[in-house]
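Subject: Handover of a structure, with findings

Dear colleague,

Please find below the structure that I am passing on to you. My notes on it follow directly after.

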Amino acid sequence: MQAVKVWDRSTRLFHWINFACVLCLTVIGLAILNEKSFGVSAEGKILLKTLHSYVGYVFVLNLLWRIVWGFIGNRHARWSAILPFKQGFIVELRSYLATSATGRSRTYLGHNPLGRLMVLLLLILLITQATTGLILTGTDLYKPPFGGAFAEWVTVGDADRLRQLQPGSQEFVDPAAYQEMRAFRKPVVTIHLYAFYLLMAAILLHIIGVLVGEFRERSGLVTAMITGRKFVPEVPADEETETGDRL
């Protein structure tokens, strides 16, 4: 076994910032979802939604940077290496599953085939949460990037109403326009909620997969996202035709 540099600093920072954001968003989101059980006041709910949106902005910016880094980062950080779209992926997946069934899993520097499928699922869910979250921030708090459009919608473009409009208040809205906006908002809330449940399930599977992989491979899979280094055999499965950055 030898130490090999795999995850660059930017990839590792994204991972832990994303972890912190998802954790904070989950705690605040559950408080909002269970507002009546917790006895949250109307003002308290607006405060929770405001905090949720601020953390959400960090989450979105971090995710956008990771998407960009997937095109310019090191070889193991690029989308071509971590998404399951490479030619021959199905054959590779079948081979990996066959060897795993015998207890002799092939070691990968980057993501193994199952890991790549998990990355795709997590990416879809994170993008879904980011997109619907930005829309809901606009409908609930009239915050960027869509808040201005929703504010004009519910005030039918009236400058005086628009100037006095406050989050959580219906005092300066046009009743018909406000109901139309809320009808538009409803399916977005549903998508945001169920994508959250799916994301929690996917994160649980991800953690289980990492722990199982660490137990089987003994490659430092867990610590690699802190140090950037894994311990692998002379020729890992994804290094058979390419040479990695040896330390």
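In which helix is the place of E152? E152 is located in helix α7. Please note that the model is a predicted one.

I begin with this residue and its surroundings. With a relative accessible area of 48%, E152 is partly exposed. Once neighbours within four places in sequence are set aside, E152 touches G157 and L162. L165 is 13 residues from E152 in sequence, and the C-alpha atoms of the two are 9.8 Å apart in space.

Helix α7 itself spans residues 147-154 and packs with helix α9, which covers residues 175-217. The angle between the two helices is about 140°, and their axes are 7 Å apart. The pair is therefore classed as oblique, since angles count as roughly antiparallel only over 145 degrees. On the α7 side, the residues in contact are F150, W153 and V154; on the α9 side they are A177, Y178, E180, M181 and F184. Sorted by class, this contact comprises seven nonpolar residues, one charged residue and no polar ones.

In the loop between α6 (113-141) and α7 lies P145, which is joined to P144 by a cis peptide bond with omega of about 5°. Y142 is in the loop between α6 and α7 as well. Although Y142 is not a glycine, its phi is positive, at about 60°. Y142 is also buried, with a relative accessible area of 15%. In the loop between α7 and α8 one finds V156, another residue that is not a glycine and has a positive phi, here about 45°.

Further along, Q166 sits in the loop between α8 (159-164) and α9. Its relative accessible area of 44% makes Q166 partly exposed. Between Q166 and D140 there are 26 residues of separation in sequence, while their C-alpha atoms lie 9.7 Å apart in space.

On the cysteines, the structure contains zero disulfides. C21 takes part in none, and the nearest cysteine sulfur, that of C24, is 6.8 Å away.

Finally, some values for the chain as a whole. The chain has 10 helices and two strands, and along the sequence these follow the pattern β-α-α-α-α-α-α-α-α-α-α-β. Its radius of gyration is 22 Å, well over the 18 Å given by the globule rule for 247 residues, so the chain is more spread out than a compact globule. Taken along the principal axes, the C-alpha atoms fill a box of roughly 70 × 35 × 30 Å. Of the 247 residues, 43% are buried. Among contacts between residues at least 6 apart in sequence, 68% join residues at least 24 apart.

With kind regards

Notes. Residues are numbered from 1 along each chain as its sequence is written. This is a predicted model: local features need pLDDT of at least 70, side-chain atom pairs count only at pLDDT 80 or more; totals for chains, interfaces and linings use all residues. Side-chain values use heavy atoms; hydrogens and water are left out. Axes are lines fitted to C-alpha atoms, for helices over the stretch in contact, and angles run from 0 to 180 degrees between N-to-C directions. Helices (H or I, at least four residues) and strands (E, at least two) are DSSP runs, numbered from the N terminus. Angles under 35 degrees count as roughly parallel, over 145 as roughly antiparallel, 65 to 115 as roughly perpendicular and the rest as oblique. Contact means heavy atoms within 4.5 Å. Ala, Val, Leu, Ile, Met, Phe, Trp, Tyr, Cys and Pro count as nonpolar, Asp, Glu, Lys and Arg as charged, and the others, Gly among them, as polar. A disulfide is a pair of cysteine sulfur atoms within 2.5 Å. The radius of gyration is taken over C-alpha atoms; the globule rule is 2.2 Å times the number of residues to the power 0.38. Buried means under 20% relative accessible area, exposed over 50%, partly exposed in between (1.4 Å probe, protein chains only).
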